[in-house]
Amino acid sequence: MENLSKYQKTSRDTILIAVFGALWGLMEISLGVVLKGLRLPMGGAILTAIACPIFLTGRYFVRKRGSIIMMGTIAAILKIFSVGTVIAGPFMAILIESILAEILISFLGIHRLSYVITATLLTLYTIIHPFIAQGIIFGDNIYKIYLETFKKIADLMQIDIIYLSWIIMVYTTIHLILGISSGWFAFSLATRVKRELNKSAD
Amino acid sequence: MKLTISLFITFIGLALTINFINQWYIIPPILIIIFIVERQAFLILFRWKFLVFLAILLFGTPVFLGKKDAILCGISYSQEYFEMTIVMLQRSIIILLSIKMFTNRISINQISNGLKNLKLYKFGEVFSISMRVLPEIRLIILKSIEEFRQKPRKSNIFSELFGWVVNLMSQILNYANQYNSSDIEQPQ
């Protein structure tokens, strides 16, 4: 498997990118529907935490810049064509996450810390993504409306801003833990799979 | 397909430029064209969650926020916020209708062929392979899940799960390695 010509390596990388892109897309379609049906909170973060081991494992085996973006684009196209309603938000989320992941991995390299950082930042991104997607769909005046609404609710319910900050911190911490676990798992998975494949090749 | 893509890009571009003044001559033609080209797209507007959100945006926001400088049927509201939400509403409707029109009229195969024609050759090739391997990957996963369910548990669930995921990923990678590389088009 290791002594491949340049063309064979390119072909193998092409196939691996296609396979992992399809796997990511399949996960987004199938689990996405289940999570939506269950109406679980943090559904986006859960999907991202599951997607990270998939594309990061793929990236472990395809040492080529741009491969995560290709996998993400395949997954995003599969998502937007899946049965049901318009899913512009998740489509944008997958694309943006794949771009962010590619930048981080290309910059940091392939090791456990980079995987943990990537998965954590992507999971944290899911907190702000709905606001970004709504900004694109509704325009940036939506932020003005959100800000005014939060202030109004805080005044009406006489909630101190400090309590809101605590809620945001707890929410963010849960995402942080999810992201760290996902990144750690992703690297363990990739290295273990490589060992298994080498064992079966010998 | 070219018409659909051109319409999609045009409508998205116009939606991003909508304001309170130009809305009256941008919105009606777009709605008419989408109705003629793909009236099924309008079904997305009848999702109750979307309608509720729009109702809150259009009727709730001007009543609760901003300076109340106008009255309608005895209810004070903010003219500024009302105009703002009308524009936001129309922008969102046009963007969502355009996306729905695009996804209704274009198939994944057309996208795959289109990407090749656009000289995004590498991605076109990768995408068409992913469409071909998708059913096999689905089968591998379903078979693996079934085997995992039937397997007796020897240790704790987390190490069993990890072992299962490793096994599944290995099977998928083995499938990828065995995939017939003569199916890949030769570089020019």
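**Entry 1: a charged pair between the chains**

I started with Glu80(B), which forms a salt bridge with Lys144(A); the closest N and O atoms are 3.0 Å apart. I'm working from a predicted model here, so every number in this notebook is computed. I then asked how many salt bridges the rule finds across the interface of chain B and chain A. The search came back with one. Polar contacts across that interface come to four residue pairs, with both partners at pLDDT 80 or more.

**Entry 2: who supplies the B side**

Next I looked up which helices of chain B each give at least two residues to the side that touches chain A. My list reads H3 (48–64), H4 (79–105), H5 (108–117), H6 (121–150) and H7 (157–178). H6(B) gives the most, with 13 residues. I also sorted that side of chain B by residue class and got 35 nonpolar, eleven polar and nine charged.

**Entry 3: extent of the interface**

I counted contacts next: 55 residues of chain B touch 53 residues of chain A. For the area, I noted that the two chains bury about 4700 Å² between them. Carbon and sulfur atoms carry 80% of that area. Which three residues supply more of the area that chain B buries against chain A than any other three? They are Phe162(B), Met169(B) and Leu173(B), and together they account for 13% of it.

**Entry 4: one helix pair up close**

I picked H6(A), residues 141–156, against H3(B). Their axes come within 12 Å and cross at roughly 60°. I wanted the hand of this crossing too, and for H6(A) and H3(B) it is left-handed. From H6(A), I wrote down Ile142(A), Ile145(A), Tyr146(A) and Lys152(A). They meet Phe53(B), Leu57(B), Thr61(B) and Phe64(B) of H3(B). By class, the residues of this contact divide into six nonpolar, one polar and one charged.

**Entry 5: chain A by itself**

I went through the secondary structure of chain A and found seven helices and zero strands. Read along the sequence, the pattern is α-α-α-α-α-α-α. I took the span of the C-alpha trace of chain A along its principal axes as well, and it is about 70 × 35 × 30 Å.

**Entry 6: back to salt bridges**

One I looked up is Asp13(A) with Lys64(A), where the closest N and O atoms are 3.7 Å apart. What does this pair tie together? Asp13(A) sits in H1 (residues 6–38) of chain A and Lys64(A) in the loop between H2 (43–61) and H3 (67–80) of chain A, so the pair links parts that are 51 residues apart in sequence.

Technical notes
Residues are numbered from 1 along each chain as its sequence is written. Chains are lettered from A and ligands numbered from 1 in the order in which they are written. This is a predicted model: local features need pLDDT of at least 70, side-chain atom pairs count only at pLDDT 80 or more; totals for chains, interfaces and linings use all residues. Side-chain values use heavy atoms; hydrogens and water are left out. Contact means heavy atoms within 4.5 Å. Buried area is the accessible area (1.4 Å probe) that two parts lose on being put together, summed over both. A salt bridge is a side-chain nitrogen of Lys or Arg within 4 Å of a carboxyl oxygen of Asp or Glu. A polar contact is a pair of N or O atoms within 3.5 Å; within protein, one must be able to donate a hydrogen and the other to accept it, and residues adjacent in sequence count only if both atoms are side-chain atoms. Helices (H or I, at least four residues) and strands (E, at least two) are DSSP runs, numbered from the N terminus. Ala, Val, Leu, Ile, Met, Phe, Trp, Tyr, Cys and Pro count as nonpolar, Asp, Glu, Lys and Arg as charged, and the others, Gly among them, as polar. Axes are lines fitted to C-alpha atoms, for helices over the stretch in contact, and angles run from 0 to 180 degrees between N-to-C directions. A crossing is left-handed if the near helix is turned anticlockwise from the far one by less than a right angle, and right-handed if clockwise.
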